Amino acid sequence: MRRLGYLFAVAALILWSVGPIYWSFVTSLTPPNALVGTGLRFWPEAATLEHYGKLFGAASISQGNQVQSVWPQFSRALANSIVTSLAATLVTVIVAAFGAWAFVRLRFPGRDALFVIIVATLGVPAYTVMIPLYRIMIGAGLVDTYVGVTLIYVSAFLPLALWLMRSVYQAMPLSLEEAAWLDGASKLHTLVRIVLPLAGPGLVATAILTFLSAWGQFMVPLVFSPTLSTKPLTVLIPEFVTRNYVDYGLMNAAGIVAIVPPVLLVIFLNRFLVQGLMAGASK
């Protein structure tokens, strides 16, 4: 009975996690006239790539009208998502790598209190600071810019990255750094040449979590990226809903394409993600 309960729990978890993705994939392959049909079907009778064609450059016919491809808008939004996510990941990982080491190895007044205050910002709801942050960005001229969106992402994801990298450094023996110091290496040289290579899994885990968080952001770009200059996929895809028509097939096709980069990232770097998240667990 216990084994049966485990199997049932695993099956329910898989259904809960993979079910929506499968249903979105099936919808993306369903012809437009079959999307509003009656009856539940787990696979379309006549699968079609029409929605993907419309997404990647082909014109189509919908309700008797010719519908142009959304590829120009989609490609720009895809590029925006990649640029802002990678930029936020790079800056966050660099700052967290050096900042977390300072919180662990350096002694300065208020070190622990400052770290607690930074991590405590994780509990502040984003919408409570949205209006003052918007006014700051307007004054700085950073609304609808890559720099502005990246800075907001970094400020949001840096506390978690610092906490994770701090755990990684705490799990590393101090004797390695002390041996390098005795040989005449500076603290910066020791950090860059000895500590960071050993903290590689933690850095990769931090990068993955930051990239996934930035890639899935909706509220921040909805406010700070009003035009296609910096608008990401998470904001563009809901705009496929018009006043008189909802293109379910196109929305789901775009959603399937949008999840490919993060899925590939997790699949190929899953080993480093697990090692990084488990850093410090045995300390």
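Which residues touch the most other members of the largest nonpolar core? I opened the predicted model to look this up. The core has 20 residues, and Leu162, Met165 and Tyr169 touch the most other members. I then noted the elements that give two or more residues to this core: helix H4 (71-105), helix H7 (146-170) and helix H9 (187-198). H4 gives the most, with seven residues.

I took Leu162 next and set aside its neighbours within four places in sequence. Leu162 is in contact with Val95, Ala96, Gly99, Ala100, Phe103, Phe115 and Ile118. I also found a second, separate core of 18 residues, which includes Tyr52, Phe74, Trp215 and Ile237.

**Threonine 84**

I looked up threonine 84, which is placed in helix H4. Is this residue buried or exposed? Threonine 84 counts as buried because its relative accessibility is 4%, and the cut-off for buried is under 20%. Apart from neighbours within four places in sequence, I listed its contacts as Tyr146, Val149, Thr150 and Tyr153. I also checked the C-alpha atoms of threonine 84 and glycine 148: they are separated by 9.6 Å, with the two residues 64 apart along the chain. A polar atom of the threonine 84 side chain lies 3.4 Å from the backbone oxygen of serine 81.

**Surface**

I turned to a nonpolar patch on the surface, formed by Val10, Ile14, Val18, Tyr22, Trp23, Phe25, Leu40, Phe42 and Trp43. Together these residues have about 910 Å² of accessible area. I placed valine 10 in helix H1 (residues 2-28). Valine 10 counts as partly exposed, because its relative accessibility is 46%.

**Salt bridges**

How many salt bridges does the structure hold? I found five, and I wrote up some of them.

Arginine 105 forms a salt bridge with glutamate 177, with the closest N and O atoms 2.8 Å apart. This pair links distant parts of the chain, since arginine 105 is in helix H4 and glutamate 177 is in helix H8 (residues 174-182), 72 residues apart. I noted both arginine 105 and glutamate 177 as buried.

Arginine 41 forms a salt bridge with glutamate 45, and I read 2.8 Å between the closest N and O atoms. Arginine 41 is partly exposed, with a relative accessible area of 46%, whereas glutamate 45 counts as exposed at 67% relative accessibility.

Lysine 231 forms a salt bridge with glutamate 239, the closest N and O atoms again being 2.8 Å apart. I have lysine 231 as buried at 9% relative accessibility, and glutamate 239 as partly exposed with a relative accessible area of 40%.

Technical notes
Residues are numbered from 1 along each chain as its sequence is written. This is a predicted model: local features need pLDDT of at least 70, side-chain atom pairs count only at pLDDT 80 or more; totals for chains, interfaces and linings use all residues. Side-chain values use heavy atoms; hydrogens and water are left out. A nonpolar core is a set of buried Ala, Val, Leu, Ile, Met, Phe, Trp, Tyr and Cys residues joined through side-chain atoms within 4.5 Å. Buried means under 20% relative accessible area, exposed over 50%, partly exposed in between (1.4 Å probe, protein chains only). Helices (H or I, at least four residues) and strands (E, at least two) are DSSP runs, numbered from the N terminus. Contact means heavy atoms within 4.5 Å. Patches are made of residues with over 30% relative accessible area and no salt bridge: like charges are joined within 9 Å, nonpolar side chains (Val, Leu, Ile, Met, Phe, Trp, Tyr) within 5 Å. Accessible areas come from the Shrake-Rupley method with a 1.4 Å probe; for residues, only the protein chains shown count as cover. A salt bridge is a side-chain nitrogen of Lys or Arg within 4 Å of a carboxyl oxygen of Asp or Glu. A polar contact is a pair of N or O atoms within 3.5 Å; within protein, one must be able to donate a hydrogen and the other to accept it, and residues adjacent in sequence count only if both atoms are side-chain atoms.
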